Amino acid sequence: MTLYLSAVLLLGALVFSFVSYKIIQSNVVHPIFFSIWIAFCLFIISIPLLSFLYKWLATLSGMESATNLIWVIVLAYILFYMAYITVFAVNMYNKIQVLISRLAIVESELHALRLEQGSSPAAPDARELTH
Amino acid sequence: MKKLAAVIAYNEEESIGAVIDELREKAPDFDIVVIDNASTDMTVEVCRSKGVRCISHAVNTGSSFGTVQTYLQYGAAKNYDVVCQLDADGQHDPSYLAALAAPVLSGQAGLVIGSRFIEKVGFQSSLLRRVCITLYSFLLTKLLDQKISDFTSGFKAYGKDLVQSLARNYRREFYDNAQILALVHAAKFRILEVPVQMRPRLHGTSEFSATRSVIFMLKASLSVFCYLIRRTC
């Protein structure tokens, strides 16, 4: 890797890391996601700085070039991240489903209580608030 | 014995009133609750005008399986001895509720399904849907080591222990009836079928068009495949 290319890559990596850091810093991000993105930024920065290490690892693993190794790492990261997000989304969906059911049941109990007490006017139910 | 008839409804303002009246006439010993999947018509208002408890979702949960979660949660919370599911389109005759509930209450089974394909009388659904159901029943029979002739039937009765178990463990990835049956089977509850006669819808059209029936079967097959993988690994 030429000095010029290394410098351009390093600058790009630093800009990417700075922007990513600002985004995750200004939002409430779960520590795991925070750590994952910090690790990825460090990986991006390490490419121009530690190119000799990636060359050595590529030779060790029998790959044609360090570029292939870097692409493999990036793809592996994306796949693991997607798998994690998938599991996370499904769990959230299940929790939302439970909340929808519980909310509907509680709301029906409140409606029954209001009818028993003969209070009026009835407060708007959740459907009216969302439509 | 506390008995619950849970009526699943989505935009059934034209038929829900008749269903409630028929339930009161033919199954007076059942408490009635209507699970409304965020209808946009007057379904909820019709239910409330009849003095029936209506549990209405704030947002539509897609297919009817979100409503299953709701009535299971309700049945578990209120400690019902049997929870029966009916549709709000008038296809299910409430006079069969006693036959559905009896094996559950006597402890013979944890889940009783009202099957229209045992005696093959009454409304039998469209040809394509019947073909899909037959193919899928074959697959399910292999999975459960038990013949299930009408796994898509929405006419069911759940026992108390099963209701409590499903209310704790129900998951959205249990995409369809087949997965629920597999879950029931895995939890060592006995599944029984009783013959029922179903009727055509009172009003409107089924959500299951020809294309949707095929897609449903493909997705249901996939969910059974996933269940088999989980069970094996």
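Seven strands of chain B form an open sheet of mixed pairing, in the order S3-S2-S1-S4-S6-S5-S7. Two strands are taken to pair if DSSP finds at least two bridges between them, and helices (H or I, at least four residues) and strands (E, at least two) are DSSP runs numbered from the N terminus. The edge strands, each pairing on one side only, are S3 (53-56) and S7 (191-195) of chain B. From one strand to the next the twist averages 20°. Axes are lines fitted to C-alpha atoms, for helices over the stretch in contact, and angles run from 0 to 180 degrees between N-to-C directions.

The model is predicted: local features need pLDDT of at least 70 and side-chain atom pairs count only at pLDDT 80 or more, whereas totals for chains, interfaces and linings use all residues. Residues are numbered from 1 along each chain as its sequence is written, and chains are lettered from A and ligands numbered from 1 in the order in which they are written.

The secondary structure of chain B comprises eight helices and seven strands. Of its 233 residues, 46% count as buried. A residue is buried if 20 or more other C-beta atoms lie within 10 Å of its own, exposed if 12 or fewer, and partly exposed in between, with C-beta atoms placed from the backbone. Among the contacts in chain B with a separation of 6 or more, 77% are between residues 24 or more positions apart; a contact requires C-beta atoms, placed from the backbone, within 7 Å.

Strand S1(B) is joined to S4(B) by six bridges, and the two run parallel. One of the residue pairs here is B:Leu4 with its bridge partner B:Val83 in S4(B). S1(B) is also joined to S2(B) by six bridges, again in the parallel sense, with B:Ile8 opposite B:Ile35 in S2(B). S2(B), residues 31-36, pairs in parallel with S3(B) over four bridges, and B:Val34 has B:Cys54 of S3(B) as its bridge partner. S1(B) is mostly covered, with six of its seven residues buried. In a regular strand the side chains alternate between the two faces of the sheet.

The largest nonpolar core contains 67 residues, of which B:Ala5, B:Ala6, B:Val7 and B:Cys84 touch the most other members. Strand S1 (residues 3-9) of chain B supplies the largest share of this core, six residues. Such a core is a set of buried Ala, Val, Leu, Ile, Met, Phe, Trp, Tyr and Cys residues joined through C-beta atoms within 7 Å. When residues up to four places away in sequence are not counted, B:Cys84 touches B:Leu4, B:Ala5, B:Ala6, B:Phe30, B:Leu97, B:Leu100, B:Ala101, B:Lys156 and B:Ala157.

Helix H4 (residues 97-105) of chain B lies across S1, S4 (82-87), S5 (111-115), S6 (156-159) and S7 of chain B, and runs at about 150° to S4(B). Helix H3 (residues 65-77) of chain B includes B:Leu72, which is buried, with 25 other C-beta atoms within 10 Å. B:Leu72 lies 9.9 Å from B:Lys160, C-alpha to C-alpha, although the two are 88 residues apart in sequence.

Helix H5 of chain B has 18 residues (127-144) and should span 26 Å at 1.5 Å a residue; the 25 Å between its end C-alpha atoms agrees with this. The expected span is 1.5 Å times one less than the number of residues in the helix. Its buried residues are B:Arg129, B:Cys132, B:Ile133, B:Tyr136 and B:Leu140. They lie on the same side of H5(B), because they cover an arc of only 95° around the axis, the arc being that of the directions from the helix axis to the C-beta atoms. The exposed residues B:Leu127, B:Thr134, B:Leu135, B:Phe138 and B:Lys142 are on the face of H5(B) turned away from its buried side. B:Asp145, which follows H5(B), has a positive phi, near 55°.

Helix H1 (residues 3-26) of chain A is hardly covered, the count of buried residues among its 24 residues being zero.

B:Ala38, with phi near 60°, is in the loop between S2 and helix H2 (43-49) of chain B and is buried, with 22 other C-beta atoms within 10 Å. B:Asn79 likewise has phi near 60° and is found in the loop between H3 and S4 of chain B, but B:Asn79 is exposed, with 10 other C-beta atoms within 10 Å.

Methods: Two residues are in contact if their C-beta atoms, placed from the backbone, lie within 7 Å.
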